[in-house]
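Work through the exercises below with the sequence and the model at hand. Each task is followed by a solution in steps.

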2 protein chains.
Amino acid sequence: MSWLSISKSSPFSLANIPFGIISTAKSTAHVPAIAIGDYALDLSVFASSGGFSPLTDFARHLDVFQQPTLNAFAALGRPVHRQVREYLQNVLRDDTSYPQVLKNNAVLQKEALLPLSEVTNHLPLQIGDYTDFYAGLNHAYNLGVILRGPDNALQPNYKHLPVGYHGRASSVVVSGTPIRRPNGQILTNPSATPKVPVFSPSKRLDIELELAAFVSRPNQMGEPVPIDEAEDHIFGLVLMNDWSARDIQAWEYVPLGPFCAKNFATTITPWVVLLDALEPFRAPGLEPGDRESLFPYLREKRAVNAYDIPLEFELKTAQGSSTVVSRSNAKNLLFSFPQMLAHHTITGCNMNPGDLLGSGTISGTESGAEGSLVEQTRGKNPITLADGSQRIFLEDGDTAILRGTAGEEGSYVGFGDCVGTILPAHVV
Amino acid sequence: MSWLSISKSSPFSLANIPFGIISTAKSTAHVPAIAIGDYALDLSVFASSGGFSPLTDFARHLDVFQQPTLNAFAALGRPVHRQVREYLQNVLRDDTSYPQVLKNNAVLQKEALLPLSEVTNHLPLQIGDYTDFYAGLNHAYNLGVILRGPDNALQPNYKHLPVGYHGRASSVVVSGTPIRRPNGQILTNPSATPKVPVFSPSKRLDIELELAAFVSRPNQMGEPVPIDEAEDHIFGLVLMNDWSARDIQAWEYVPLGPFCAKNFATTITPWVVLLDALEPFRAPGLEPGDRESLFPYLREKRAVNAYDIPLEFELKTAQGSSTVVSRSNAKNLLFSFPQMLAHHTITGCNMNPGDLLGSGTISGTESGAEGSLVEQTRGKNPITLADGSQRIFLEDGDTAILRGTAGEEGSYVGFGDCVGTILPAHVV
Ligand SMILES: [Ca+2]
Ligand SMILES: [Ca+2]
Ligand SMILES: [Mg+2]
Ligand SMILES: [Mg+2]
Ligand code: NI
């Protein structure tokens, strides 16, 4: 299908064309790129070498590919992203209409097509604000059962609005960045009186398996994004691990929400998968997007407002033994990203290109489909890994690997790996 | 004391020298400035005209005053801020050591000294992340009494750590920006079953009287800021109004904290008052900064860790009638900004120059010293304004004006007015 040799198992098939920011050993400059098979196509070199010449409409925007982030490209809006993606798919096809651009241009291939193994990935966009939602109903229910029992597991507001909170933008890092185990205040015996915490490294360090959306188009303060326009304000999606120190969180979060238990790190995959690439995998979410029970500002035109993206969480020990701990699916969301964006802006909050919206932890209903360790172990029942070792939470040296891949072999649309290894806590 | 005529009632006396960002009708470029009396001194013009020539150490940093924000200046660190502030005080003194720089330089005076009434203020720094704390113990107690009664007013964690949450950086605006009343989901009858919200303009729109600190020096992810170094990571303070829609907040905030009820707007004063300018007003906070009950990472060397800054909240109606609704003092804090910063980073969160930390609402213990309307009215007992009209919360057309001024007539160190006028809600 492509003149370029692409492995059938690659998440970056010709059907994908995700955008990211790379640098190389030769050039430390951060430049835009797409991932295709085992290669990155350097869009900075491609653009300045006339790669976009046939796309005459786009000529006046070429400078967006000479920037160190994708914010300017994102801000151009969905019709432009679509045009560029479809053009690049054409250029990479066997039967390309533009063979002279790259297929038959060995010089440009050599300059612009770089093995992924030789590039360094960076954050794809500069993130002004990061918000984490809680739209994974099964996760909210599982945590609610642990905290309050099954009868009151979900709070009264839960189905009326996408519950969310502001997160820490500065500590969002790209896949591969090591994660230092945090120290903090922990209440070891919640039933004692008086309640006196200890200061200690977190002993309940966990992952949260999430999707996240980058905002493309801004809105003015005081002017909400209408639900029917919200999808066109989204650039694309990444996989996200919202690292969480459960013990620090339990002590600090009343009454204003999670803070230091979350703000030490959040890991995302480097390649932004455009919504257009995910459109073939559109599938029903947990409830219809056009359900009558929603206020009009949240009611979508379409009932089918989620994506069928199988997700998995693999845990690799310091000794190198790997275990797939859980498998979930992105269908397990009660609200879509357009609904989250409509809600985020309903009071007038202004969004900017590069703002990041997390979905909330995506858990299935069955055992083995939990998007976090605390749900699977209930914080006390260990799981057994492939090498026979046990885990309730993460240990030093553990590597968490999240994956999400839609579609079928040969035409996968995936995110690649979302990876982080736990370093031991500092001695304070 | 200054060769420049400075009104005795100005918050910007020679003892202050706060830094900000301005533009003018003549030049729409955003440039650094200081406020002195009724003037702004344009530091871009001052620097490029040799104003800093006697300060030879500073020559290599002059480009920080050709930037549209103060982030680069802030990042230079406290010793440089101190040197520049003291030099500018010298230049502006009657008995200046450098009369040729400005006192006897009519041409530069004309170019660089601009009437404050003719300049437009902008956000002083680009804010990467904004965090709001809750260190006003009396406010936390007052709200706790309303929600849970006096016996459980403060949560068990409250005195162990500065409770805080991540806020929305994009909607922090400079004093004078009009504030659109938000629409949102509201539970009008909390005791009904089932709990079903309505969609409506907020009917309980409130202010929160706060101080806020800008971060100057960054720290690396995973590397907490030690408490003894934390003060030197702070650039200076501003006054802040953390606008709050109490009815939207009550419905949305469980379990992850305030979100849309806060993220529609936060107003700050434009002039950053350096900590050095506030040092003469250092005063005991609600508890000693070196108290034994704190973990070492929060224990300061000094017991006296607050500032004696009288604060007030004036409400001006659409008809122009003004009433000082409450008077408080910045001493009413349980934790200092250095303690907030040490706590914010204890799990490893990385801070950047320009990050903003709100103190939490600063209320006194007596009646008339509340930092928000909900505390003063309990959400039901109206206050009577000077024109005889009544308020429980803010009405459309109301202007909230916060002020904070330390010191005495002739040598005030103040923030100027923190102003916002309520526009009617959009019809959605
Ligand atoms: Ca999360
Ligand atoms: Ca507040
Ligand atoms: Mg996180
Ligand atoms: Mg606010
Ligand atoms: Ni931010």
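**Exercise 1. Two domains of chain A**

Task: Find how far apart the C-alpha centres of domain 1 and domain 2 of chain A lie, and describe the contact between these domains.

Solution. 

Step 1. The C-alpha centres of domain 1 and domain 2 of chain A are 30 Å apart. The domain assignment places domain 1 at 19-122 and domain 2 at 130-423; such bounds come from an automatic or database domain assignment.

Step 2. Before going on, note that this is a predicted model, in which local features need pLDDT of at least 70 and side-chain atom pairs count only at pLDDT 80 or more, while totals for chains, interfaces and linings use all residues. Residues are numbered from 1 along each chain as its sequence is written, chains are lettered from A and ligands numbered from 1 in the order in which they are written, and side-chain values use heavy atoms, with hydrogens and water left out.

Step 3. Count the residues in contact (heavy atoms within 4.5 Å). Domain 1 of chain A contributes 20 residues and domain 2 of chain A contributes 16 residues.

Step 4. Take the buried area, which is the accessible area (1.4 Å probe) that two parts lose on being put together, summed over both. Between domain 1 and domain 2 of chain A this area is about 1500 Å², and carbon and sulfur atoms give 60% of it. On the domain 1 side, A:Phe19, A:Arg78 and A:Arg85 supply 41% of the area buried against domain 2, more than any other three residues.

**Exercise 2. Salt bridges of A:Arg78**

Task: Which residues form a salt bridge with A:Arg78, and which network includes A:Arg78?

Solution. 

Step 1. Apply the criterion: a side-chain nitrogen of Lys or Arg within 4 Å of a carboxyl oxygen of Asp or Glu. Over all chains the structure holds 50 salt bridges, and the count between domain 1 and domain 2 of chain A is 4.

Step 2. A:Asp276 pairs with A:Arg78, with 2.8 Å between the closest N and O atoms. A:Glu231 also forms a salt bridge with A:Arg78, at 2.7 Å from N to O.

Step 3. A:Glu231 sits in the loop between α6 (227-230) and β14 (234-241) of chain A, A:Arg78 belongs to helix α3 (residues 78-92) of chain A, and the two are 153 residues apart. Helices (H or I, at least four residues) and strands (E, at least two) are DSSP runs, numbered from the N terminus.

Step 4. Check the burial of this pair, where buried means under 20% relative accessible area, exposed over 50%, and partly exposed in between (1.4 Å probe, protein chains only). A:Glu231 and A:Arg78 are both buried.

**Exercise 3. Two further salt bridges**

Task: Are A:Glu208 and A:Lys262 buried or exposed, and are B:Asp398 and B:Arg391 buried or exposed?

Solution. 

Step 1. In the salt bridge of A:Glu208 with A:Lys262, the closest N and O atoms are 2.9 Å apart. The pair links distant parts of the chain, 54 residues apart: A:Glu208 is in the loop between β12 (205-206) and β13 (209-215), and A:Lys262 is in the loop between α7 (246-252) and β16 (266-268) of chain A. Both A:Glu208 and A:Lys262 are buried.

Step 2. B:Asp398 and B:Arg391 form a salt bridge, with the closest N and O atoms at 2.7 Å. B:Asp398 counts as buried because its relative accessibility is 1%. B:Arg391 is buried too, with a relative accessible area of 6%.

Step 3. To complete Exercise 2, turn to the network. Salt bridges with shared partners join A:Arg78, A:Arg82, A:Glu231, A:Asp232, A:Asp276, A:Glu279, A:Arg282 and A:Arg302 into one network.
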